[in-house]
Amino acid sequence: FLLKPLDGRRLAKALSAYKRIITVEEGFIGKGGMDSIVLNLLNEHCPGVSMKALGFRDKYVFERGDRECLHKLYGIDAASIAGLVSSIK
């Protein structure tokens, strides 16, 4: 639920073992959430690691549906994430 306190050095060390990172969150991406924290750590400590952030875009939403429907709409449902991961080479 909370992102702080966060041991940034420890997380950066764990992330450095990977070439690509995908973050998934039920929040707006690019607005100071988990994706921003991870991206800042990668830029500072792991410049060779790439990242893809998945989550809600900061825009008006006119679609309606339950949580599962909105996850599918924004590509953060299990099938969409699995498809993204399998497409990465």
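Q: Hi! What pattern does the protein follow, read along the sequence?
A: Hello! Along the sequence the pattern is α-β-α-β-α-α, which comes to four helices and two strands. Helices (H or I, at least four residues) and strands (E, at least two) are DSSP runs numbered from the N terminus.

Q: Anything to know about the model before we go on?
A: This is a predicted model, where local features need pLDDT of at least 70 and side-chain atom pairs count only at pLDDT 80 or more, while totals for chains, interfaces and linings use all residues. Residues are numbered from 1 along each chain as its sequence is written, and side-chain values use heavy atoms, with hydrogens and water left out.

Q: Okay. What does the C-alpha trace span along its principal axes?
A: About 40 × 30 × 20 Å.

Q: And how much of the protein counts as buried?
A: Of its 89 residues, 25% are buried. Buried means under 20% relative accessible area, exposed is over 50%, and partly exposed is in between (1.4 Å probe, protein chains only).

Q: What share of the contacts with a separation of 6 or more comes from residues 24 or more positions apart?
A: Those account for 62%. A contact here means heavy atoms within 4.5 Å.

Q: On to the helices. At what angle do H1 and H2 pack?
A: H1 (residues 8–15) and H2 (residues 34–45) pack at about 75°, and their axes are 10 Å apart. That makes H1 roughly perpendicular to H2. For the labels, angles under 35 degrees are roughly parallel, over 145 roughly antiparallel, 65 to 115 roughly perpendicular, and the rest oblique. The axes are lines fitted to C-alpha atoms, for helices over the stretch in contact, and angles run from 0 to 180 degrees between N-to-C directions.

Q: Which residues meet there?
A: From H1 there are Gly 8, Arg 9, Leu 11, Ala 12 and Leu 15, and they meet Val 38, Leu 41, Leu 42 and His 45 of H2. The residues of this contact divide into six nonpolar, two polar and one charged. In that scheme Ala, Val, Leu, Ile, Met, Phe, Trp, Tyr, Cys and Pro are nonpolar, Asp, Glu, Lys and Arg are charged, and the others, Gly among them, are polar.

Q: Which residues make up the largest nonpolar core?
A: Six residues do: Leu 15, Ile 21, Val 38, Leu 42, Cys 46 and Val 49. A nonpolar core is a set of buried Ala, Val, Leu, Ile, Met, Phe, Trp, Tyr and Cys residues joined through side-chain atoms within 4.5 Å.

Q: What is Leu 15 in contact with, leaving aside neighbours within four places in sequence?
A: Leu 15 contacts Ile 21, Val 38, Leu 42 and Val 49.

Q: Switching topic: how many salt bridges are there in the whole structure?
A: A search finds two. A salt bridge is a side-chain nitrogen of Lys or Arg within 4 Å of a carboxyl oxygen of Asp or Glu. One of them joins the side chains of Glu 26 and Arg 67, at 2.7 Å from N to O. Glu 26 is in strand S1 (residues 20–28) and Arg 67 in helix H3 (residues 67–73), so the pair ties together parts that are 41 residues apart in sequence.

Q: Is Arg 67 buried or exposed?
A: Arg 67 is exposed, at 57% relative accessible area, and Glu 26 is partly exposed at 46%.

Q: What does Asp 58 form a salt bridge with?
A: Its partner is Lys 31, with the closest N and O atoms 3.2 Å apart. Asp 58 sits in the loop between strand S2 (50–56) and H3, and Lys 31 in the loop between S1 and H2, so this pair ties together parts that are 27 residues apart in sequence. Lys 31 is exposed, at 53% relative accessibility.

Q: I'm curious about Ser 36. Where does it lie?
A: Ser 36 is in helix H2. This serine is buried, with a relative accessible area of 18%, and, leaving aside neighbours within four places in sequence, Ser 36 contacts Gly 30 and Lys 31.

Q: Last one: where is Tyr 74, and what does Tyr 74 touch?
A: Tyr 74 is in the loop between H3 and helix H4 (78–87), and is buried at 7% relative accessibility. Not counting residues up to four places away in sequence, Tyr 74 touches Gly 55, Phe 56, Arg 57, Lys 59 and Val 61.
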